[in-house]
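Colleague: I would like a close look at one part of this model. Please keep to what was computed from the atoms.

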Amino acid sequence: MPDFASVRKAWEETRDGWQRVLETDDVARVIHYRNISGQEFSDPVWRVMAHLVDHSAQYRGILISAFRLLGRKPPSSGVVLYTRSVS
């Protein structure tokens, strides 16, 4: 993405899409998709959402470890801190 405005627009579109899914109680709907290797999958929306949470926690841990290996203090992270900061 060429700039921050593009990142923000993509985030807002993604956020709005997930919000529509939750508002319509559409979590049992099965979606069909391909991973980056081209493998095809079919999963209910709730499983994909759970994977996103799990995956983000994994990468947050990797980033925190990298900061510590570099002798830096990692920033605080997590849903509770984020929701406090935006409300």
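How do the residues lining the largest pocket divide into nonpolar, polar and charged?

Modeller: The model is predicted, so local features need pLDDT of at least 70 and side-chain atom pairs 80 or more, while totals for chains, interfaces and linings use all residues. Residues are numbered from 1 along each chain as its sequence is written, and side-chain values use heavy atoms, without hydrogens and water.

The lining divides into nine nonpolar, five polar and two charged residues (Ala, Val, Leu, Ile, Met, Phe, Trp, Tyr, Cys and Pro count as nonpolar, Asp, Glu, Lys and Arg as charged, the others, Gly among them, as polar). In total 16 residues line the pocket, and Trp11, Val53, Ser56, Val79 and Tyr82 lie nearest its centre. A pocket here is an open set of points on a 1 Å grid where a 1.4 Å probe fits, with protein on both sides within 12 Å along at least five of seven lines; lining residues have an atom within 4 Å of a point. The space in this pocket is about 740 Å³, counted as that filled by probe spheres set on points joined across faces, edges and corners.

Helix 1, helix 2 and helix 3 (79–86) each give two or more residues to the lining (helices are DSSP runs of H or I, at least four residues).

Helix 1 (residues 4–23) and helix 2 (residues 45–69) also meet each other: Trp18, Val21 and Leu22 touch Val45, Val48, Met49 and Leu52 (contact means heavy atoms within 4.5 Å). That contact has seven nonpolar residues, no polar and no charged ones.

Terms used:
Axes fitted to C-alpha atoms, helices over the stretch in contact; angles between N-to-C directions.
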